[in-house]
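This report covers a chain-to-chain interface and one residue. Please view the structure first.

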2 protein chains.
Amino acid sequence: MSNITVKKTAHPFDKARLEALLNRRFFYAPAFEIYGGVAGLYDYGPPGSSLQSNIIAEWRKHFIVEEHMLELDTTIMTPAPVFETSGHVARFADWMVKDLKTGEVLRADHLVKNVLSARLASDQEARGLAAQPPKEDEKAKKKAKKDKAKAAPVQLPDAVVAEYQHVLAQLDNYSGPELGQLCRKHKITNPDTDNEVSEPQQFNLMFASSIGPTGQHPGYLRPETAQGHFLNFSRLLEFNNGRVPFASAQIGRSFRNEISPRAGLLRVREFTMAEIEHYVDPEDKRHARFGEVRDVELDLLDRHVQEAGSTQVTRMRVGDAVARGIIANETLGYFLARIYMFLTKIGINPARLRFRQHMGNEMAHYATDCWDAEIENSTGWTECVGCADRAAYDLSVHSAKTGHPLIVREALKEPIVTEKETAEFNKKTLGKTFGKDSAAIQTIIGEMDETQLLKLKGELAQGIATIVASDGREFKLTPDLLTIERKTFKQSIREYTPNVIEPSFGLGRILYTLLEHSFWSREQDVERGVLSLPAVVAPTKVLIVPLSAKEEFTPLVQEVSSKLRRAGVFSRVDDSNTSIGKRYARNDELGTPFGLTLDFASVQNRTMTLRERDTTGQLIGPIDDVIAVVTELVQGTIGWPEACERLPAYDGVQAVD
Amino acid sequence: MSNITVKKTAHPFDKARLEALLNRRFFYAPAFEIYGGVAGLYDYGPPGSSLQSNIIAEWRKHFIVEEHMLELDTTIMTPAPVFETSGHVARFADWMVKDLKTGEVLRADHLVKNVLSARLASDQEARGLAAQPPKEDEKAKKKAKKDKAKAAPVQLPDAVVAEYQHVLAQLDNYSGPELGQLCRKHKITNPDTDNEVSEPQQFNLMFASSIGPTGQHPGYLRPETAQGHFLNFSRLLEFNNGRVPFASAQIGRSFRNEISPRAGLLRVREFTMAEIEHYVDPEDKRHARFGEVRDVELDLLDRHVQEAGSTQVTRMRVGDAVARGIIANETLGYFLARIYMFLTKIGINPARLRFRQHMGNEMAHYATDCWDAEIENSTGWTECVGCADRAAYDLSVHSAKTGHPLIVREALKEPIVTEKETAEFNKKTLGKTFGKDSAAIQTIIGEMDETQLLKLKGELAQGIATIVASDGREFKLTPDLLTIERKTFKQSIREYTPNVIEPSFGLGRILYTLLEHSFWSREQDVERGVLSLPAVVAPTKVLIVPLSAKEEFTPLVQEVSSKLRRAGVFSRVDDSNTSIGKRYARNDELGTPFGLTLDFASVQNRTMTLRERDTTGQLIGPIDDVIAVVTELVQGTIGWPEACERLPAYDGVQAVD
């Protein structure tokens, strides 16, 4: 049957089951596992690598190709002066606390969040309201279970509940000392040991190293790819024939020495990012293609709502949000909409995607506005894409530090004509009269504003003018020494430092939340997991399943696989020595959307069956017809219902003479 | 005219001119240039990034897809114990010397090479034979020129010339102390200062860092991607359903803290590699597809030739080289041929590609055989791909260190049946008789070989047997305590550690040598540079050139560019405000193979011209016909001569009513 309804919610989401699947099928695994592993470092196996490559390929198409962005590939190892200028050496840090007895290091904001969330959950349970289990870290939970029996639920006073909720809603807004105060006020201790913790201290998150054999050149591994864009700004602008706006883009590895990463792919020490730096005129942040996204609706969580202690989103058209000043400008709004379109295209559930604005203290001091695309998953809402208007900060500081102008020079369509009073000196006479003081006199007059110059002009017209130096000396000037006249100036070039809008994607977080959103178990058997990845990102698009590895199927397998390759469809053959059902079940776990079965009827009649992963529905037809249909399915030009109209259903029985 | 002959050798290769082009068009540039740069770190701009992506895409198709390799993406940051086991902490080092007065650090082997090569060149000049300029580092040359006038050529005695040539031919074979002896024997000093240099010291080339906030977990940036494959071997084998041979593949960044990198992209501190680890049965290194490459001819430079002081290559079929034992096995031979096919497909000149075998001392101690694909360029012959048979070294050492078996368990088709004498104890009686000594007795007998057991069996048959412990004590045994019998054992599983054949590609070196091989200047004007990159790797395949940016061309430009996109051809539009000739010249420098011009005739007659980069020949035809032809040209299914048969030549004049 090709049209059975699929009930993906028959079994509640089971994180342990998903993790077992991802481990078993080697989507990813802890790096250096046989050495005991290292927190926050993961290796991607074949399906994980492939899923990541496909997400990257789609990203490249959606952003770089679509908008003619200039792609870069810059180095990870970075000399220290660059991050001194950018502010990372001084400020790219998290607050950590130490367990006062064991010395264990914990991230301060995570500690506050975990402890208060657990208390709220316990309160809910005591009130008989526990709908959801507390969203804690899995490992921490296990450890807690091992250490002691589950504590009895404790009900909190209503005022305390409200206070905790308020703290959690604006957690990202607290400074280190404030986090310390929260720990003391709410008696927050290390949950693993119940020991008190130290005052929060800053820990810089950059990995440090040293470049060259002398040890004299400190370097850091970049914590983001952005600086590599900014330092190349002049070359990029020239490559773009001097035109603005334009964007550069880069996909690459970055590193953050996280304090105590425990959240799987959601918090890692090494990760692949995709970053765009879009350069705009600070006086004109409109976007030429804004009209195309004006009607896209987003769930917005603005800063005012959060600062009032709420996390209630508002659904709004991007056009309205920009018009009402909630999103700062069109370019920022354009990218938020494009981010939404990208994430939903690769399979993120739009109902679990929101855009959260940074609060005042949370935002970098230079930024004008900043929004995070947050994706809901089993640990709560996780920032997966940041989108900030960084203003002119980065280009300005690097330019000031190096003396290399990082500016746009724009020919004005209409030159700006200005008039102003201008002094011209008779330098020879001036020199004869005042000797070495003549330079000082020229400087004093050069620094005069319009009013002062007009006054001087008037005095000179009277025959003599007196000016006073900063040391009190007076100089008497006569019309033979200088003239002051109104002159016309024409400015035909405008120079400015562009502003930068930066969409920045954490690909590992997107990949992991996508896996959560794609995972479900078949209604009839909870053990049969499925990853409903869209064809565009699925590691393998089509699985070719010959009845067995026998030679009689080889020519057909080769024919089908080469025809698919020519049609641009990536397929794999599974001729392993197990039943067709088991092979399909394995590929359901790998997220392979379509399967083609070749059996004795195929050899005799040149027919082939086509199976769809989610419904397990099957169709049948002549080999070339099936290839044409599956190609369109993979390319997304038709869906499964259309396929069912083009090919007859297959009932599982095929006549063989 | 579409068939003019192209003379690419009208002007000699000019490295300065190529470098100016690459810099001007932002193929790549020194990283952190506005901060003064850092030796050995480079950023790729848009055309460089694109060229690199295309080389990687072709590599993926040629190796990973073609051979169903399992792709991985593992971390760069690596805890120290991994590289302690692999031997990198102890041995991944180069020899450096210090200028005894200035403290400048130089790589010892490069110093010997540069000084002796310069002396040989000077000798050649003195003999009036100077055909080629000495192949020194460009920067060093400039510096030397600045410091002092060029020294007069000095002729060397014939014996000295022979000795220098001998040293250079086997330079990679010297140990550090031997390099020190060479410096003293040949009075080699720092060429920049003429100062003496220190004895060579080892400098480890790995960048060190520290993982986590405590500073207690040292880590290194990987200097190769290989360890990430080996540590995941068990998971990979399972993913491959337990079958061997198979290969894993990874494309990623690696780091080497080079002592004094001065050779542009040829010697860098951070680079992208592509590595394959092919796992084989150590007892069967045949390759199923060897027949496909048997007749590929390679220029081989084997170890014996080098050790005899020569660099004379021998052209040989891969099949013959393996049959004659010059290449150690079929799998190694297969990969050498596949490497050759890949490099020549992307545009490396086969006449400047050789395969050099490692000499005895040069090869890692564990390796069975190792060949480098070396590509000739303006600095000499450069290793761009290494291809080593690493035997079972890596898997064995990691397995021994971690206790995690990294082995293959293979079901034997025919079980191996063996017979041997086997002792069986009556443990109860033995315990009663000997108490706590009974364990020692069982151990002694358990360690006996066949002969000893037979002797014991004979004695027992006599009624009593005496065995002696290592401390001299004697135990008397009787038949009631144990029996010794001949038993049959059946082994149905074979366990072994696979051997690893490792092709390892330095993509930056390949990219740079490809640019050198592709560069030439037009005969009529040396200023007009061209990069003859094959379409498969060219950053842009097709340039669309409307006569101007005027609106009347917009619909046609959009039509052509969307039709090309649908055909899978990546195009760019250049409507910048300059002549068509200048736009084509710019794109000749960017290596764009084809151009399409849209003019008034296109608007009126729907015709379009097609220009080929190397010949500058132009054809004309209806828009859809031209798109069909250019699509085939880009896909490589036809060449320019066939295109000239399909479309009429364009003489540069088109009728417009």
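## Interface area

Chain A and chain B bury about 6200 Å² between them, and 60% of that lies on carbon and sulfur atoms. Three residues stand out: A:Ile34, A:Tyr35 and A:Arg235 supply 13% of the area that chain A buries against chain B, more than any other three residues. The model is predicted.

In residue terms, 77 residues of chain A are in contact with 77 residues of chain B.

## Polar links and composition

Six salt bridges are counted between chain A and chain B. One pairs A:Arg253 with B:Asp73, whose closest N and O atoms are 2.5 Å apart.

Which helix gives the most to the side of chain A that touches chain B? Helix 2 (residues 46-65) of chain A does, with seven residues. By class, that side of chain A has 37 nonpolar, 22 polar and 18 charged residues.

## A:Arg107

A:Arg107 sits in strand 6 (residues 105-107) of chain A. Is A:Arg107 buried or exposed? Its relative accessible area is 12%, under the 20% cut-off, so A:Arg107 counts as buried.

With the side chain of A:Asp94, the polar contact is 3.1 Å. With the side chain of A:Asp109, the polar contact is 2.8 Å. Leaving aside residues up to four places away in sequence, A:Arg107 touches A:Asp94, A:Trp95, A:Met96, A:Glu258, A:Ile259 and A:Arg267.

Definitions and conventions
Residues are numbered from 1 along each chain as its sequence is written. Chains are lettered from A and ligands numbered from 1 in the order in which they are written. This is a predicted model: local features need pLDDT of at least 70, side-chain atom pairs count only at pLDDT 80 or more; totals for chains, interfaces and linings use all residues. Side-chain values use heavy atoms; hydrogens and water are left out. Helices (H or I, at least four residues) and strands (E, at least two) are DSSP runs, numbered from the N terminus. Buried means under 20% relative accessible area, exposed over 50%, partly exposed in between (1.4 Å probe, protein chains only). A polar contact is a pair of N or O atoms within 3.5 Å; within protein, one must be able to donate a hydrogen and the other to accept it, and residues adjacent in sequence count only if both atoms are side-chain atoms. Contact means heavy atoms within 4.5 Å. Buried area is the accessible area (1.4 Å probe) that two parts lose on being put together, summed over both. A salt bridge is a side-chain nitrogen of Lys or Arg within 4 Å of a carboxyl oxygen of Asp or Glu. Ala, Val, Leu, Ile, Met, Phe, Trp, Tyr, Cys and Pro count as nonpolar, Asp, Glu, Lys and Arg as charged, and the others, Gly among them, as polar.
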